[in-house]
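Please read the following account with the sequence and the model side by side.

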Amino acid sequence: MPVKIRLARHGKKGYAFYHIVVADSRAPRDGKFIEKIGTYNPNTNPATVDLNFDKALEWLQKGAQPTDTCRAILSYKGVMYKKHLLGGVAKGAFDEAAADAKFEKWMGEKAAKISAKTQKLTGEKEQSDKARLAAEKEANEKKAKAIEAKRAEAAAAAAQAEEAEAPAEEETPAAE
């Protein structure tokens, strides 16, 4: 039975959410599966991946073949690297303690990259929010100045109309 690690689509139209499953390659995409080993949400930034690391590694060692997208997800989480290191241990290239040390070092670097990306994204969002608020404040000031100018113009026109009306009133009674 050829086994694949692949994505099963869930969620609504235009807002996909995936389950990472181990399934027979002949089964339909969203059909029967052997085991669910995680979830993948591409709608967040960075994408949210919840994966049972040990189960994924176990299935890879049993010979399950990941699809291209699942291979990328497993690489992102470090499952493929751990499998690679365990293969080196089996061949005698290095011992298990050295493999664990390499893996922990890699995981530390990966966690630092992810936290840097999230900080960058939040910083950019805050910066864009500040710029948007400044632009809105500037637009509001322009509107307030325009309204003030209209009011001053209207007041000046009213004063002129009053002055023009006052002499006209004086002349009309004199004409009688």
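Over the face of which residue does Lys102 lie? The ring is that of Phe94, and Lys102 lies over its face at 4.5 Å from the ring centre. A charge is taken to sit over a ring if NZ of Lys or CZ of Arg is within 6 Å of the ring centre and within 35 degrees of the ring normal. Another such contact places the charged end of Lys62 over the ring of Trp59, 4.4 Å from its centre.

Before going further, note that this is a predicted model, in which local features need pLDDT of at least 70 and side-chain atom pairs count only at pLDDT 80 or more, whereas totals for chains, interfaces and linings use all residues. Residues are numbered from 1 along each chain as its sequence is written, and side-chain values use heavy atoms, with hydrogens and water left out.

Helices (H or I, at least four residues) and strands (E, at least two) are DSSP runs, numbered from the N terminus, and two strands pair if DSSP finds at least two bridges between them. Five strands make an open sheet in the order E4-E3-E2-E1-E5, with mixed pairing. At its edges stand E4 and strand E5 (65-66), each with a single partner strand, so one side of each has no neighbour in the sheet. Strand E1 (residues 3-12) pairs with E2 in the antiparallel sense over 10 bridges, and Arg9 has Tyr18 in E2 as its bridge partner.

Helix H1 packs on this sheet and touches E1, E2, E3, E4 and E5, its direction making about 120° with that of E3. Here contact means heavy atoms within 4.5 Å, while axes are lines fitted to C-alpha atoms, for helices over the stretch in contact, with angles running from 0 to 180 degrees between N-to-C directions. Helix H2 (residues 68-77) lies across E1, E2, E3, E4 and E5 and runs at about 95° to E1.

The loop between E3 and strand E4 (48-51) holds Pro46, which is joined to Asn45 by a cis peptide bond with omega of about -5°. For context, most peptide bonds are trans.

How many aromatic pairs are there? The count comes to five, under the rule that rings of Phe, Tyr and Trp (its six-membered ring) pair if their centres lie within 6.5 Å, with planes under 30 degrees apart counted as stacked, over 60 as edge-to-face and the rest as tilted. Tyr18 and Tyr40 are stacked because their ring centres are 6.0 Å apart and their planes stand at 25°. This pair links distant parts of the chain, with Tyr18 in strand E2 (residues 15-24) and Tyr40 in strand E3 (residues 35-41), 22 residues apart. Tyr40 counts as buried at 16% relative accessibility, where buried means under 20% relative accessible area, exposed over 50% and partly exposed in between (1.4 Å probe, protein chains only).

Phe53 and Phe103 form a tilted pair, 5.7 Å centre to centre with 50° between the planes. This pair too links distant parts of the chain, with Phe53 in helix H1 (residues 53-62) and Phe103 in helix H4, 50 residues apart. Phe53 is partly exposed at 22% relative accessible area, whereas Phe103 is buried at 7%. Ring pairs link Phe53, Tyr81, Phe103 and Trp106 into a cluster.

Charged side chains come last. Side chains of opposite charge can pair when their charged atoms come close. A salt bridge is a side-chain nitrogen of Lys or Arg within 4 Å of a carboxyl oxygen of Asp or Glu, and eight are counted by this rule. In one of them, Asp24 meets Arg26 with the closest N and O atoms 3.0 Å apart; Asp24 is buried, with a relative accessible area of 16%, while Arg26 is exposed at 63%.

In helix H4 (residues 96-175), Lys125 and Asp129 are four residues apart, about one helical turn, and they form a salt bridge with the closest N and O atoms 3.8 Å apart. Asp129 also meets Arg132 in a salt bridge at 2.4 Å, N to O, and these two residues lie three apart in helix H4, about one turn of the helix.
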